[in-house]
Amino acid sequence: MATSAVPFLLLLLVLLAAAGTTASPAFSETVEQICARATSGGAHRDLAPFCVSSLQAAPGSSGADARGLAAIATNLTLANYTAAVATVKALQRRGGWSAAERRALATCRARYIEALNVVHSAVHALATGRLDDYAADMGVVRKAATDCDGAFGDANNNESSEAAEAAAMRKVNRDAVDLTTVATLIVRALE
């Protein structure tokens, strides 16, 4: 019986090695190193602290390699966009908005819901190693947040809004853009 366990253990070790796991975290890059490498290109250096704080807060990030962190960042994007839809719905229910602001909220809701479908496509692209498709999908996802920000900007230029709600929506949009950018940069660093 002991001899039949040896091939199983060898197979398990081979599978673990093929999956990119290491016996000690000392042999893999840290979240800080991966974020620094991913954001080192010009315009995105300012995202390194956001990258580190966002990913370190996520379960499983301490032992993850770059591909694992890309998956975590994508899952954080999915959670963030789901929360954005909930925020927009809550603002719509609250009422008291001008016609321009109601149109802006409707645009935000539609764009974030569309983006949620595309995030699922990005997850599949990442899982199957289609990194260019992933980057294209995440560009579409990121655009939802910028479209929402633009819609609210147009509404705020035309009519007065309640500052706290407008600021809350700007923060939701900024976090959405930053998360999608971080996820895309980490994937780009894999290429």
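## Disulfides and salt bridges in a predicted model

Both C35 and C51 are buried, where buried means under 20% relative accessible area, exposed over 50% and partly exposed in between (1.4 Å probe, protein chains only). The structure is a predicted model, in which local features need pLDDT of at least 70 and side-chain atom pairs count only at pLDDT 80 or more, while totals for chains, interfaces and linings use all residues. Residues are numbered from 1 along each chain as its sequence is written, and side-chain values use heavy atoms, with hydrogens and water left out.

**Disulfides**

With a disulfide taken as a pair of cysteine sulfur atoms within 2.5 Å, the count comes to two. In the pair formed by C35 and C51, the sulfur atoms lie 2.0 Å apart. This pair links distant parts of the chain, 16 residues apart: C35 belongs to helix α2 (residues 31-38) and C51 to helix α3 (residues 48-56). Helices (H or I, at least four residues) and strands (E, at least two) are DSSP runs numbered from the N terminus. The link of C35 and C51 is left-handed, with -75 degrees about the S-S bond.

C108 is joined to C148 by a disulfide with an S to S distance of 2.0 Å. Here too distant parts of the chain are linked, since C108 lies in helix α5 (residues 99-127) and C148 in helix α6 (residues 131-158), 40 residues apart. The link of C108 and C148 is right-handed, with 90 degrees about the S-S bond, and both of these cysteines are buried. Counting bonded cysteines along the chain, the disulfides follow the pattern 1-2, 3-4.

**Salt bridges**

A salt bridge is a side-chain nitrogen of Lys or Arg within 4 Å of a carboxyl oxygen of Asp or Glu; by this rule there are seven. Among them are the following.

| Salt bridge | Closest N to O distance |
|---|---|
| R111 and E114 | 2.5 Å |
| D175 and K171 | 2.7 Å |

R111 and E114 are three residues apart in helix α5, and therefore separated by about one helical turn. R111 is buried at 18% relative accessible area, whereas E114 is partly exposed at 40%. D147 and K143 are four residues apart in helix α6, so about one helical turn separates them. D147 is partly exposed at 23% relative accessibility, and K143 is partly exposed at 44%. In helix α7 (residues 163-190), D175 and K171 are four residues apart, which again gives a separation of about one helical turn.

A network of salt bridges links R111, E114, K143 and D147.
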